[in-house]
Structure formats: structure tokens, C-alpha cells
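Here are my notes for you to read alongside the model. Please keep the structure open as you go through the points.

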Amino acid sequence: MILPIIGYGDPVLRKVGEAITPDYPNLKETIANMYDTMYNAYGVGLAAPQVGLPIRLFVIDTTPFSDDEDMSEADQKKMNGFKRTFINAKILKEEGEEWSFNEGCLSIPDVREDVYRNPVVTIEYCEEDFVMKTEVFDGLIARVIQHEYDHIEGILFTDKISSLKKRLIQKKLKNIIEGKTFQEYRMKFFGKKGR
């Protein structure tokens with residue numbers, strides 16, 4: 001089922017997500033709905049706070065990046081079919097020299113900015129089986145993970161840009177809060193009546 005995506009300004013996007021247990025109500029359905037919602041909005045990642053749930057859960061599928069011709073063939077292969085559910089994730093290490101990439105967010109439509117992140121991430125998490133694992137990811141996959149991980153920590157990519165750039169996008173952010181934006185997918189806006 002496709003869920004509405006929560007827009008910028010909603011307090012749920014600023015909450016640090018709570019860890020969940022295998023008996024979390026309707027977990028399988030929630031995860032399936034998050035994938036449906038992400039694909040419907042042509043996203044490569046979606047965190048639970050973006051659908052109104054303040055829990056430590058996010059999903060990613062980097063397959064759309066595998067069509068990027070600016071990427072090496074090896075990187076395209078790595079992106080293709082990389083689909084993963086992250087439950088109760090905890091980043092243990094971020095390493096390497098920070099690099100810039102133009103990021104966007106389904107909760108902040110029509111806003112894209114260059115964000116600096118480390119190229120290598122070590123993360124501990126469970127998939128749906130709740131078996132804890134530790135893995136190292138790099139490149140664009142690491143970046144998508146870091147972006148979605150920020151969501152479960154109550155952080156948005158706009159928090160990582162300069163104060164000048166923040167001032168330049170203030171009007172756009174205000175419009176999102178008020179629901180004065182158009183996108184192809186369903187959204188819920190904090191400042192709009194009838195919420």
C-alpha cells in the first residue's frame with residue numbers, strides 16, 4: 001500500500017527513532033508498504049519517520065543509479081539490485097575523505113543541494129530476520145545509507161548545508177510546510193489544515 005510521505009516541518013522528522021523488536025505490530029506489512037511508497041515516488045531510500053513512524057527502520061534500493069552512465073561499469077553493477085532493509089541500525093564508523101554529491105529527499109521535494117559525506121561506512125543492523133550483522137559499504141551505497149540513517153536520528157540533509165544555502169532555500173522550505181508544492185506522489189504537510 002502506498003503511504004503519504006511526511007513533508008518537511010513535521011516534528012516526526014526530528015525525532016530520534018526508537019529501536020523495535022520482532023513483535024513490532026505489522027512489521028512485514030510496514031516494510032512492504034515502505035518499499036511500495038519509495039518505488040511510487042522514484043526514490044532510492046525511505047526511512048520510517050518519512051511515513052510518520054518514529055522507529056529505527058529504513059529501506060533502500062539503489063537500482064535506479066545503475067543506469068547512470070557517468071558511473072564506472074563496476075559501480076553500475078554494484079548498484080543494480082542492491083536492495084536492503086535496515087532495522088535498529090547503528091553507524092559504527094564513517095571513514096575516508098569527505099566527498100560532495102547533490103542530494104534530494106522525498107520529504108523535501110524540489111530542493112537539491114551538495115552534501116559532503118565520508119565514502120566508507122561501517123554499520124550494524126538487522127534485516128527482517130532480526131539477526132544482527134556488521135557490514136562495510138562504500139561509495140554511493142554508503143551515501144544512501146548515511147542519508148537514510150540521518151532520518152532515524154532526526155537529521156535532514158538540509159542540516160548539512162551552509163547557512164547561506166539554508167537562507168536561499170528558506171522560501172521553498174516554508175512552501176513545503178504549508179503544502180504549496182507539487183509532486184507526483186502523495187504527501188502530508190504539517191502546516192496544511194485537516195492534517
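**Notes on the fold and its contacts**

1. Let me start with a charge over a ring: Arg143 sits over the face of Trp99, 4.3 Å from the ring centre. Lys83 does likewise with Tyr35, at 4.5 Å from the ring centre. The test asks for NZ of Lys or CZ of Arg within 6 Å of the ring centre and within 35 degrees of the ring normal.

2. A word on the basis of these notes. This is a predicted model, where local features need pLDDT of at least 70 and side-chain atom pairs pLDDT 80 or more, while totals for chains, interfaces and linings use all residues. Residues are numbered from 1 along each chain as its sequence is written, and side-chain values use heavy atoms, with hydrogens and water left out.

3. Now the sheet. It is open and has five strands in the order β2-β3-β4-β7-β8, with antiparallel pairing. Strands (E, at least two residues) and helices (H or I, at least four) are DSSP runs numbered from the N terminus, and two strands pair if DSSP finds at least two bridges between them. The edges are β2 (45–47) and β8 (132–138), each with a single partner strand, so one side of each has no neighbour in the sheet. From one strand to the next, the twist averages 40°.

4. Within the sheet, β4 (residues 83–95) and β7 (residues 120–126) pair over six bridges, and Glu94 stands opposite Val121 in β7. Two helices pack on the sheet: α1 touches β2, β3 and β4, its direction making about 45° with that of β3. Helix α3 (residues 139–152) touches β2, β3, β4, β7 and β8, at about 155° to the direction of β3. These angles run from 0 to 180 degrees between N-to-C directions, with axes fitted to C-alpha atoms, for helices over the stretch in contact. Contact means heavy atoms within 4.5 Å.

5. Five bridges join the antiparallel β3 and β4; Val59 has Thr85 in β4 as its bridge partner.

6. Which residues have the most contacts inside the largest nonpolar core? They are Leu46, Leu57, Ile87 and Ile108, in a core of 36 residues. Such a core is a set of buried Ala, Val, Leu, Ile, Met, Phe, Trp, Tyr and Cys residues joined through side-chain atoms within 4.5 Å. Elements giving two or more residues include α1 (27–40), β3 (57–61) and β6 (108–117), and α1 gives the largest share, five residues. Another core, of 22 residues, lies apart from it, with Phe58 and Phe65 among them.

7. There are seven aromatic pairs (ring centres of Phe, Tyr or the six-membered ring of Trp within 6.5 Å; planes under 30 degrees apart are stacked, over 60 edge-to-face, the rest tilted). The rings of Phe58 and Phe86 are stacked, because their centres are 4.7 Å apart and their planes at 15°. Phe58 is in β3 and Phe86 in β4, so the pair ties together parts 28 residues apart in sequence. Phe58 is buried at 0% relative accessible area, and Phe86 is buried at 0% too. Here buried means under 20%, exposed over 50% and partly exposed in between (1.4 Å probe, protein chains only).

8. Phe65 and Phe101 form an edge-to-face pair, 6.4 Å centre to centre with 85° between the planes. Phe65 counts as buried at 18%, whereas Phe101, at 26%, is partly exposed.
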